[in-house]
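Here is a short briefing on one protein chain. Please look over the sequence and the 3D view before reading on.

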Amino acid sequence: MNVLRLTLRQLQIFVAVARRGSTTAASADLALSQSATSAAVNELERLLSLKLFDRAAKRLLLNDNGRALLPRARALLEGAAAIEQMARDDTGQAQSLRIGASSTLGNYLLPGLLSRFYAGRPGDPGSAWQSKLTIGNTSAIASAVANFSLDIGLIEGPCHEAALQVTPWVRDELVIVASPTHPLAATPTASDLPARVPMKALREAVWLLRETGSGTREATDQLLLPRLRSYRRSIELGSSEAIKHAAAQGLGIACLSKWVVMDLVEAGRLACLTTTLPPITRQCHMVVHSKKLMTPALQAFLACLSEALPPMASSTP
C-alpha cells in the first residue's frame, strides 16, 4: 500500500500562496510566519518532485504544474471541510446508521420504528440517507455488532458475545399455532372453551422449527424441550414466515412470536392452541459494543427505542 506523504495543511498553504501571489501575503491569511509558509511550499515541491511556481522577484506565479494541481488541491480541501462539517452537524449524522435486527424484530417492529425515527429528524427532506438495515438470526447480528460491522443490534435471543453491552428492551409473547383443521386444533369439547392439548399430543406432533442460531429457536428450545424432552418429529425451516405458512397448510405445529402470526390468526388461517404449558415469553435486547463511540446519531436512535416503542411493544393484537 502506498504511504501518503502529502498533508492537507501543505495543500492549504499552496492554495493560499496561489491566490495571494506571495508567501508574505499568504502567511498573513494563514496566521503563519513567512518562513513557515515558504518552507511548506518548498517541502510540497520536494515531495512532488515538481516546481509549482515561477519565481519573479518577490512574486510567486503558478506554472503549468501549479495550474494543474490547483483544482485538485481545492477539491481535496473542500472534501476535508465537508467531513469536518459532517462531524459537527448532528442532523447529518442522524441519517447515517447501521442497524441490525433479528428476524422477528426486523420484519415486524423495526419498519414502524424507523418511520417514527426519521419522521422526527430535522433537516432537508431531499438529503441522502446513509442508513442500512441488516436482518439475520440473533447470533449473526450479535457477531456483526461485536466486530463493528453494525452500530447497534436488536435481538430476540440471549447474547453470547462478551464484548457487547446488553440492555433489556421489549418482551415478546410466543404462541403455539396450527391450522384450524389440524387435529390438535379441532378437538371437540363439551363446553365453548377450547380444549387443552395434552403434553402427550404435543410430544407426538410434527414441530416446525427455526434453524439453530435464531432467537426463536433458542427460546423454544429453552422453554419447550424440558417438557417435551425432544422433538420426536420435526421440520426445520429458515424463516418464521415460512414456518407460519407451512403451519397454515397443516404441515405441523409451531411456536412463534405473536407479532408474526396474528395476521393469519385474524384471517382464520391459523389457530392458537390452548395447552397445559405456562405462558411463553422471551426478553428482547439492544446490543452495542462496549467500546462503541456514542455518536449523536446513535444516541438519537437509542432514545427513539426507549421513547417510541412502549406502545408498539404490546403483543396484544
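Is Trp 207 buried or exposed? Trp 207 is buried, because its relative accessible area is 1%, and buried means under 20%. Keep in mind that this is a predicted model.

**Aromatic pairs**
- The whole structure holds 3 aromatic pairs.
- One of them joins Trp 207 and Tyr 231. Their ring centres are 6.1 Å apart.

**Helix 10 and helix 11**
- Helix 10 covers residues 240-248, and helix 11 covers residues 258-266.
- Their axes come within 10 Å and cross at roughly 35°. The crossing is right-handed.
- Helix 10 contributes Ser 240, Lys 244, His 245 and Ala 248 to the contact. Helix 11 contributes Val 260, Val 261, Asp 263 and Leu 264.
- By class, the contact has 4 nonpolar, 2 polar and 2 charged residues.

**Cysteines**
- A disulfide is a covalent bond between the sulfur atoms of two cysteines.
- The count of disulfides here is 0.
- Cys 255 is buried, at 4% relative accessible area.
- Cys 304 also counts as buried, with 10% relative accessibility.

Note on methods: Residues numbered from 1 in each chain as written. Predicted model: local features only at pLDDT ≥ 70, side-chain atom pairs only at ≥ 80, totals over all residues. Heavy atoms only, no water. Axes fitted to C-alpha atoms, helices over the stretch in contact; angles between N-to-C directions. Helix = DSSP H or I, 4+ residues; strand = E, 2+ residues; numbered from the N terminus. Left-handed = near helix turned anticlockwise from the far one by under 90°. Contact = heavy atoms within 4.5 Å. Nonpolar A, V, L, I, M, F, W, Y, C, P; charged D, E, K, R; others polar. Phe/Tyr/Trp six-rings, centres within 6.5 Å; stacked < 30°, edge-to-face > 60°. Buried < 20%, exposed > 50% of the residue type's maximum accessible area, 1.4 Å probe, protein only. Disulfide = S-S within 2.5 Å.
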